[in-house]
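Reader: Could you walk me through this structure? I am new to it.
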Amino acid sequence: MITSRIKQRILGKGRGAIFAPSDFLDIGSRASVDQALSRLADQGVIRRLTRGLYDYPRQSPRFGLLAPSADDIAHAVARKDNQVLQPSPAMAANQLGLSTQVPSNPTYMTDGPTRTKKIGRQVIQFRNASPKTLVGAGSKTGTVFQALRYVGKDRVDDQVIGKIARSLDARDRAQLAKQSRHAPAWMHPVVQQIVAHA
């Protein structure tokens with residue numbers, strides 16, 4: 001019974017979803033959830049990525065089962081361990097199109113311990129960071145603060161401001177203005193320019 005309810009929920013999330021036993025504790029006890037996930041993995045419905053982390057893998061007619069993205073894995077790990085997550089400055093700059101460099105190992109700032117997770121061929125780094133670095137964690141605004149850290153105080157120009165401004169909607173801008181009081185002082189005038197950018 002529990003297995004079929006868990007299976008239904010997983011199928012409902014669609015291929016590519018990553019989850020931990022803690023995502024199903026409203027359905028049954030930890031032991032019964034573990035058992036159900038183990039059964040579904042044995043049946044080939046889901047795939048065990050590492051201890052306590054599974055995915056409902058995407059499939060490609062050419063390549064078979066596809067590996068999940070590092071970003072999806074990192075978010076699932078953070079959710080499982082009840083931690084906040086923020087892309088590293090280099091990753092944030094790349095996500096916003098301010099840098100073409102792709103970090104070889106995806107790195108995330110977190111309020112959890114510094115550690116490295118190896119899942120399949122992917123190596124993901126989690127670095128413990130101060131609350132100041134985690135302002136806006138998990139949202140677009142957090143990515144903006146991190147990208148500004150990467151660009152640096154003396155290299156922010158109109159092009160950088162324009163690019164960031166174009167990636168934000170009205171809600172993001174309002175949130176950015178509100179959260180900027182927790183960011184380093186040099187970012188305040190930069191945020192004002194981003195928010196005012198037409």
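Predicted model: local features only at pLDDT ≥ 70, side-chain atom pairs only at ≥ 80, totals over all residues.

Reader: How many helices and strands does the protein have?
Author: The protein contains eight helices and nine strands. Its C-alpha trace extends over about 55 × 35 × 30 Å along the principal axes.

Reader: And what share of the residues count as buried?
Author: Of the 198 residues, 45% count as buried. As for contacts with a separation of 6 or more, 58% of them come from residues 24 or more positions apart.

Reader: Let us turn to the sheets. What is the order of strands in the open sheet of four?
Author: The order is S6-S7-S9-S8, and the pairing is mixed. S6 and strand S8 (115–119) are the edge strands, each pairing on one side only. On average, neighbouring strands of this sheet are turned by 30° against each other, direction ignored.

Reader: What holds paired strands together in general?
Author: Strands of a sheet pair through backbone hydrogen bonds, in either a parallel or an antiparallel way.

Reader: Back to this sheet, then. Do S7 and S9 run parallel or antiparallel?
Author: S7 and S9 run parallel and are joined by four bridges. By contrast, strand S6 (residues 85–87) and S7 run antiparallel, with three bridges between them.

Reader: Which residue in S9 is the bridge partner of Tyr108?
Author: That partner is Phe126. Tyr108 of S7 also stands opposite Pro87.

Reader: Which way do the residues of strand S7 point?
Author: Thr107 and Met109 point one way from strand S7 (residues 107–110), while Tyr108 and Thr110 point the other way. All four of these residues are buried.

Reader: Which strands does helix H3 lie across?
Author: Helix H3 (residues 70–80) lies across S6, S7, S8 and S9, and runs at about 45° to S9. H5 also packs on the sheet, where it touches S6 and S7. The direction of H5 makes about 45° with that of S6.

Reader: Staying with H5, at what angle do its axis and that of H7 cross?
Author: The axes of helix H5 (residues 140–151) and helix H7 (residues 170–179) cross at roughly 55° and come within 9 Å. The two helices are therefore oblique to each other. Their crossing is right-handed.

Reader: Which residues make that contact?
Author: From H5 they are Lys140, Thr141, Val144 and Phe145, and from H7 they are Asp172, Gln175, Leu176 and Gln179. By type, the residues of the contact of H5 with H7 comprise three nonpolar, three polar and two charged.

Reader: Is Leu134 buried or exposed?
Author: Leu134 counts as buried, because its relative accessibility is 11% and the limit for buried is under 20%. Leaving aside neighbours within four places in sequence, its contacts are Val84, Gln86, Met109, Thr110, Asp111 and Ala129. Met109 and Thr110, on this list, are among the buried residues of S7 discussed above.

Reader: What separates the C-alpha atoms of Leu134 and Gln146?
Author: The distance between those atoms is 8.7 Å, and the two residues are twelve residues apart along the chain.

Reader: And the open sheet of three strands: what is its order?
Author: Its order is S1-S3-S2, with antiparallel pairing. Strand S1 (18–19) and S2 stand at the edges with a single partner strand each, so one side of each has no neighbour in the sheet.

Reader: How many bridges join S1 to S3?
Author: Two bridges join them. Phe19 stands opposite Tyr54 in S3.

Reader: How many bridges link S2 and S3?
Author: Strand S2 (residues 47–50) and strand S3 (residues 53–55) pair in the antiparallel sense over three bridges. Thr50 stands opposite Leu53 in S3.

Reader: Which residue in the hairpin of S2 and S3 takes a positive phi?
Author: That residue is Gly52, with a phi near 75°. The hairpin has two residues between its strands.

Methods. Residues numbered from 1 in each chain as written. Heavy atoms only, no water. Axes fitted to C-alpha atoms, helices over the stretch in contact; angles between N-to-C directions. Parallel < 35°, antiparallel > 145°, perpendicular 65-115°, else oblique. Left-handed = near helix turned anticlockwise from the far one by under 90°. Contact = heavy atoms within 4.5 Å. Nonpolar A, V, L, I, M, F, W, Y, C, P; charged D, E, K, R; others polar. Pairing = 2+ DSSP bridges. Buried < 20%, exposed > 50% of the residue type's maximum accessible area, 1.4 Å probe, protein only.
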